[in-house]
Amino acid sequence: MKAREANFDGLVGPTHNYSGLSYGNVASAKNQAAPSNPKQAAKQGLDKMKALADMGMLQGVLAPQERPDVHTLRRLGFTGSDKSIIEQAAKQAPKVLAACCSASSMWTANAATVSPSADTADGKIHFTPANLTNKFHRSIEHEVTGRILRSTFADPEYFSHHSALPAVEHFGDEGAANHTRFCNEYGEQGVEFFVFGRYAFDTRHPAPKVFPARHTFEACEAVARLHQLDPAKVVIAQQNPDVIDQGVFHNDVIAVGNKNILFCHQQAFLDQQGTYRSLKEKMGEGFNIIEVPTSAVSVDDAVTSYLFNSQLIETPNGETLLVLPEECRKNENVWRYVEQLMADKRGIDQVKVFDLKQSMANGGGPACLRLRVVLNEQEVRAVNPSTLMNDGLYGRLNQWVDKHYRDQMVEADLADPQLLDESRAALDELTQILALGSVYPFQR
């Protein structure tokens, strides 16, 4: 059946700030305590969504989390009214409060792993929210993420929703940031490619020594089982632990793929050639691997520019588009390589550059901001239509941002009790715009 790939981007939340919460993410650490601009961040994300929708791509919107997360603060022993809880946390545990105010759900590549109906035994699209156990501020997202996904993809005839994996380090799951789906045509059975950082139960294998490996082999196997995937159509590969220690905290910082193209760095995988062989065996000899040599782009260049944290998209006319952040153009080595790649015509036909500075400063590029969902024509009709980007939704969401978002935020602002009212008012209105129903704790 004919199908197409949709990108559902995370809408940046009203509490977007730089608190440096993500150890192992170089950009997050570098910009800790710098002032952020939530309004600009949200608008930069909306502009990317609208530009891709205008090019004919199917583009959706996923709502942010409720922040500050008073529900979690109550679970941690703070009591009293909601505003009193925030005041207590600000005095007694400011870093915990910062974690409970994080807008990190904007990076919906970590929201879930998604398998299209062409790959699953029951012929449904499967969703498993990522448990994100390695970072506290992200580990509190998956329950609401699941509600938002169920409201966006609601029809049980077409969509199957799972709970997150057990929230322990042995099953650390970072979602689609470590998952790529390859195929010849979107509507045909494809090959699902899972990437992990370490083995949880067999510690004899190599692992990073400086930064944590967030995703486990065991989590890859579990999601593949939940999604009823054919083992003959699954490849599981280990990230190179040395590049994790250089700031490559997810596979999507060092590799990106779409259809029959893998675009990756020379040092992406522990067994680079073995990974290539496995993918070629399952995809066929037409599989196109574009390997970027270290001599052209160092790992440091890849991390600072986010060359691979890009979107690789098929346009409506069948061309392959590479969506890059502005930082790639500013890196001399990276941009020289991109220009040569275009000249060599190796399978990528167009490049489009976006200004995503607000997200990039916290360590998230174009690929971080989107969750990919392959949909056939019937499944598209079953998606909540209020979440699909068009001129009307773009205008309403920009007006919503102008009404509710601050244009500057520093970590000290998170202690402002008024921020809770602002955020809840914004999200209550957003659930009406996107027709999500009551997905947030304060609405229940």
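**View 1. N37 at the start of helix α2.** A side-chain oxygen of N37 comes to within 3.2 Å of the backbone nitrogen of K39, at the start of α2. This is a polar contact, meaning a pair of N or O atoms within 3.5 Å; within protein, one must be able to donate a hydrogen and the other to accept it, and residues adjacent in sequence count only if both atoms are side-chain atoms. The model is predicted: local features need pLDDT of at least 70, side-chain atom pairs count only at pLDDT 80 or more, and totals for chains, interfaces and linings use all residues. Residues are numbered from 1 along each chain as its sequence is written, and side-chain values use heavy atoms, with hydrogens and water left out.

**View 2. Helix α2 along its length.** Helix α2 covers residues 38-54. Helices (H or I, at least four residues) and strands (E, at least two) are DSSP runs, numbered from the N terminus. The expected span of a helix is 1.5 Å times one less than its number of residues. For the 17 residues of α2 that gives 24 Å, and the end C-alpha atoms are 24 Å apart, which agrees. Twelve of the 17 residues of α2 are buried. Buried means under 20% relative accessible area, exposed over 50%, and partly exposed in between (1.4 Å probe, protein chains only). Among the buried residues are P38, Q44, K48, M49 and K50. G56 follows α2 and has a positive phi, near 100°.

View 3. Three strands make an open sheet in the order β12-β13-β14, with mixed pairing. Its edge strands, β12 (311-314) and β14 (350-354), each pair on one side only. Two strands pair if DSSP finds at least two bridges between them. Neighbouring strands of this sheet are turned by 25° against each other on average, direction ignored. Axes are lines fitted to C-alpha atoms, for helices over the stretch in contact, and angles run from 0 to 180 degrees between N-to-C directions. Strand β13 (residues 320-325) runs parallel to β14, joined by five bridges. P325 stands opposite F354 in β14. Helix α2 packs on this sheet, touching β12, β13 and β14, at about 155° to the direction of β14. Contact means heavy atoms within 4.5 Å. Helix α13 (residues 332-344) also packs on the sheet; it touches β13 and β14 and makes about 150° with β14.

View 4. Four bridges pair β6 with β7 (residues 191-196) in the antiparallel sense. F182 has V191 of β7 as its bridge partner.

View 5. R67 and P68 are joined by a cis peptide bond, with omega about 0°. P68 lies in the loop between β2 (58-62) and α3 (70-75). Q228 is not a glycine, yet its phi is positive, about 55°. Q228 sits in the loop between α8 and β8 and is partly exposed, at 34% relative accessible area. Y306, also a residue other than glycine, has a positive phi near 60°. Y306 lies in the loop between α11 (299-305) and β12. At 3% relative accessibility, Y306 is buried.
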